[in-house]
Amino acid sequence: MEQRDEIMINALPSKTWHWLRMNETALSWKPDLALCQTMIEGGKPTEILKETAQKIETGAGSGADPLFRESEEEGYGILADQTNLGETVRVIIGNREEGSEGSLYIQAEKHADITVVETFPAGEMPAKRLAYRTRVHAEAESRVRLVQVFMQGEGTELLNDIGCVCEQDAHFEILQMVIGRGDLYNGIRTDLKGDGSDVQIAIGYLGQKKQLLDMNLVVNHLGKKTNSFIQVDGTLKDVAQKIFRGTIDFKNGSSESKGAETENVLLLGDDVVNKTIPVILCAEEDVEGSHGATIGELDEDTLFYFASRGICAEVAEEIMTKGKMEVLYRKIQDAATETLVEQQLAEVMEYDRA
Amino acid sequence: MSDKQLLDVKDLYVDVEEKSILHGVNLSIGEGETHVLMGPNGTGKSTLGYALMGNPKYHIQNGEIWFQGKNITEEPVNERAKAGIFLSFQNPLEVPGVTLSSFIRNALEQKTGKRVKLWDYKKELEKTMELLQMDPSYAERDLNVGFSGGEKKKAEILQLLMLKPALAILDETDSGLDVDAVRTVSAGIEAYQKTCKGSLLIITHSTKILESLSVDYTHVMVEGKIIQTGDASLVDVINEEGFGKYETE
Amino acid sequence: MKEKTYVEDIDRNIYDFKDEEKDAYKIKAGLTPEIVEQLSKEKHDPAWMQTFRLESLQIYNNMPIPDWGPSIEGLNMDNIVTYVRPNTKMKAKWSDIPEDIKNTFERLGIPQAERKSLAGVGAQYDSELVYHNVRAEVAEKGVVYTDMESALNGEYADMVKKHFMKLVRPNDHKFAALHGAVWSGGSFVYVPPGVSVEIPLQSYFRLNAPGAGQFEHTLIIVDEGADLHFIEGCSAPKYNVANLHAGCVELYVGKNAKLRYSTIENWSKNMYNLNTKRATVAEGGTIEWVSGSFGSHVSYLYPMSILKGRGAKMEFTGVTFAGKGQNLDTGAKVVHAAPDTSSYMNTRSISKDGGISTFRSSVVVTKEAEQAKSAVSCQSLMLDSISRSDTIPAMDIRTRKANVGHEAQIGSISDDAVFYLMSRGMSEEDARACIVSGFADNVSKELPLEYAIEMNNLIRLEMKGSIG
C-alpha cells in the first residue's frame, strides 16, 4: 500500500461526533522538510535543554513531531532574564525549497520580561510549505509577549505550532495577525501550571478567496487562581474556510480560576464555510468559565446606523473588517512591526490608516 | 410655508412588528425651517423619525414621502442619507477599531463620492469639536466606545455639523443630558441652522433644548397622527398645559 | 473551610419495586438472525417489516461503537433479553388489566393523572402496550393514538410504512440499527389537519424483567395546521444486571403545525439510555422539546431537529442532573435546511457527587438557509470538585446570511446569593436547594401543572439536601 504521510494535527482534547469533521485535521505533508531561514535580531541566544523543551506540549500536538526532526537538533533558543528586561526580539522566518521547518525555544527566567515578534513574510515561490514551532517556558513571575504576523503568499501552507508552560504568576500573551493569503494551520496550547499564572490570546484574521484557516487553541488550567482570556475576531470572504476549536479545561485543583473565550466572525462571502467549536471542560467546582460566539453578517441595527450616515452595507462591512484589524494593530507596540503590518494590510485589503 | 417643500409627508401609515403606529401623518417642511414635533410618550414620534430615515423594521403600509421633489418612499437608507437626510440616534452604535474621525470621513467620502482632503478635513473637525466643547482626543477614540450618554450625543451632533445634511431629524436630543450638555447641543443646533441653513425636525417631549432656538412650526402628535400645528408659541402652551387636553378623544 | 451542603440522591424508594416475573415468553438471550425472525413472527409483522429487521441487524453488526462519548463497556448485548411480553392482551379499560400490573401503574400515579388532565394514556409494560385509552372527544376529532403494532396492520398501515425509520435510519448509528432489528411496542399518533389537541397526550414506559431491553418506537405525525403536546415519561426498578433502552422517536411536523414533545427521564442507575429522537419540520412549523434527564447510568441523548421548510422553528429547553455514578451525555442537534428558520436552545446542567454531565450540541446551517437565526445558551452548575461538567457545542455555518450566537457559562453556586437568602431567614441548606431549584426552572415552568406529579417530585427531592 502506498505510504500516505497523513499527519494528524490540531486535535480536540475532547472529541465529538465524527460527522462534523472537527475532531482533528489530517495534513498530507511529507515529513522530510529542510531547515527554514531564521533571522533573529536581538535577544540572548541560549542552549535548548531538550528535556524541558520536549515536555512542552503544543497546540498542533505530538502528531506534528515528524515535521520538526531537523530543528529538534538545530533549533534556536532565546533567553530572557534580568539583563534584557523589556527587550523586543524580532524573528523573521522564511521558507526554503519546497518545504521547510524551524523551531524556537524561549526560556524566560524568573521576573524576566520579553517580547518576541515573529514575522512570516510572503516568501518566494516555489516554497510551498513551512512549519514553525515555538515553545515557551515562562518561569515564575516572568512576562512573555509573542507577536506573530502571518503574511504568507497565495497557494502556500503554513503550520504554526505553539506550546507554553507558565509557572507561578507568570504571564503569557499572544497576539496574532493573520493577514496573509495562504493557508494557515494554527495550534496554540498553554498550560497554566503555576498558581496565579495567566494567558491572553488575541487573534485577528482575514480569510479570502480559497484560504483555509484551521485553528486549535487549548488552555489547561492546572494551578489555582489561573486566568485565561481568548479573543478571536475575523472576517471570511469569498469561499474561505475556517475552523476554530477553542478548549478551556479546568483541571481538578484549579480552584478560583477564570477562563473566558469570545469569537466573532463576520461572514461576507456567499460560499464561506465557518466551523466553530468552543469547549469548556470542568472538573473543579470553584471556577468561572464562559464562552461566547457570534457568527454571521452584520446585524440590522449596525447596518441601519451605517446606512443612516450614507454608508451602504458593503462599505460598512469593509469598515468593520478594518476595525477588527485596527484593534489588534494598536496592541503591537513595536514601530518596525507596525510598519510591516500596515504595508501588508494595504496589500491584502484596501487600507488607509490616516 | 414656502412653495418648494423640502420634505413632504403624505398620509403616512407605518407598522412596526405588526402593530400599527402611524395613522395617516401629514407633514411639510420647507427649506431652512425648524419644526418641533411633540407629544406624549409612545405616540409614534420616534417612529416617524425612523420611517423617514427608512429603517426596514418600519413598514410603510400607505402614503408617501417626498424629499427635494423626489418620491423616496422606496429608497434605501443610505441613499436617503446621501440625499441629505440625517437622523440622530438616542443610543448610537459602538464600533471598536473605527475612530470617530475616520467614521465621519468615511461618511463624507460616501456622500461626495470623492476622497476627502485630509488636512482640510482635520482642521474642520477640530474647529467643530471646539464649538461643541468636545475634548479633541475624542477624534481618535473608537466611535462611541466607552462614551458617556452626553458624549454620545455630542458625537451625534458633531456628525450632523460635519455631514451638513439638508434635513436633520433630531430624536429626543436632550433626554438624559446634563445642563451643560443641553447648552452645548443647542449651540450645535444653532450652528447648524446658521452655517448649513438646513431644516430641522426636532422630536422631543421636553422643551429645554428649544429655549435658545428659533422655532418656525410646532406639531403635536397623539396616537400616530399630527393633530395640531402651530408656531413657536405652541411650545409655551404645551409647557404650561401639558398634553392632557389632546389625550381625551 | 466552606460548609458544604450534601444534596441527596433522588429518593428512589417509590420506584424500586418489582413484580415477579409472570412473563409469558422470553426470547433466548443474544442477537442472531434467528432470534430476530422469531421475534418478527411473534409480533405478526408484515413481510416488509421482517425484511427490514433483518437488514437492520446486519447494519448493526457492521457498525462500531461510538468512541467519543461515555463508555458503554458494562453493556453486553448477549445478555440482554430483548423481548418480553407480559401476561395479558391489550385492554381498553383500566379495570380489565391484571391486578399486579395495574398496581405498578397505580403506585406511579398514572390513572389519577389520566383522569384529571390527560387526553389519553398509553402505558408500556415490558415491551407491549398494556393499556390504551383515548378520550372520546379527541378520537372524535380524528386523532389517532394507538400502539405501533396495531398501526402497522390497521388502516394506517400505509402511512406508517411510508414514515417508519425514514427519519432515523438504521444506518445512522449502531443503536438505531439495533432498534430497527428488535424494536417492539411504542405509540403511533396522527393529528389531522387543523386539529388542536388541547390536553396533552401521554405515554409511559416501564421496565420490569432483569436484563430486559426497551426498544419502543414512537411515531407522531402532526398534519398541516394541527397542534399537539405529547408527554413521555419513564421509570424502571433497579437491578444488578445492566438494562438497556434503545428507543426511537420520529416526529413529523407538518406545514404551520406545532408539536411540543416533553420528556421526563428517570431510569434507574443501572440503565444505559441510548435513545434517538428526531423531528422534521415543514414550512412554518414549530417543534418544541422540553427535556429533563435525571436517571440512567449512562445516557446518550440528543434530540435532533431538521428545519426543512421555510420559516420552520425549533425550541429546546432542557435540564440534566448527573449524580453519583452517572455519566449523562445530552444535548441537541439542529439542521437549518431552509430560509428564515430559527432555533433556540436553553439548557442547564447540574453535576454532583462524582456525576459527569456533558452538554453536546451541533448547529448546522446549510447554504440554502438564508436568514437563519440560531441562539444557544447553556449554563452548568458544579456542586463539588469530584464531579465533571463539559460543554462541547459545535457550529457549522455555510451561508453568510445567517445570525448565529452561542453562549455558555459554568460555575458554582454564588456565595453572595446564598448569603442573601440566608439573610432573609433561610438555612444554608435551604438556600442552596432553592438556588438549584431555580436553576432548573427553565424546564419545570414549561410543563403543565397537572402533569405527572413525578417531575415536580423529582426536582424537589433532588434539590432537598441535608448537611452531613
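In chain C, helix α9 (residues 415-423) and helix α10 (residues 428-439) have axes that come within 9 Å and cross at roughly 120 degrees. That makes α9(C) oblique to α10(C), a label for angles left over once those under 35 degrees (roughly parallel), over 145 (roughly antiparallel) and 65 to 115 (roughly perpendicular) are set aside. This is a predicted model: local features need pLDDT of at least 70 and side-chain atom pairs count only at pLDDT 80 or more, while totals for chains, interfaces and linings use all residues. Residues are numbered from 1 along each chain as its sequence is written, and chains are lettered from A and ligands numbered from 1 in the order in which they are written.

**The helix pair in chain C**

- Axes are lines fitted to C-alpha atoms, for helices over the stretch in contact, with angles from 0 to 180 degrees between N-to-C directions.
- From α9(C), the contact uses A417(C), V418(C), L421(C) and M422(C); from α10(C), it uses E428(C), A431(C), R432(C), C434(C) and I435(C). Contact here has C-beta atoms, placed from the backbone, within 7 Å.
- By class, this contact of α9(C) with α10(C) has seven nonpolar, no polar and two charged residues.

**Where chain A meets chain C**

- Chain A brings 38 residues to the contact and chain C brings 31 residues.
- On the chain A side, the elements giving two or more residues are β20 (273-282) and β21 (287-296).

**Strand pairing across the chains**

- β20(A) runs antiparallel to strand β24 (residues 388-397) of chain C, and six bridges join them; pairing requires at least two DSSP bridges.
- Opposite C282(A) stands S389(C) in β24(C).

Technical notes
Helix = DSSP H or I, 4+ residues; strand = E, 2+ residues; numbered from the N terminus. Contact = placed C-beta atoms within 7 Å. Nonpolar A, V, L, I, M, F, W, Y, C, P; charged D, E, K, R; others polar.
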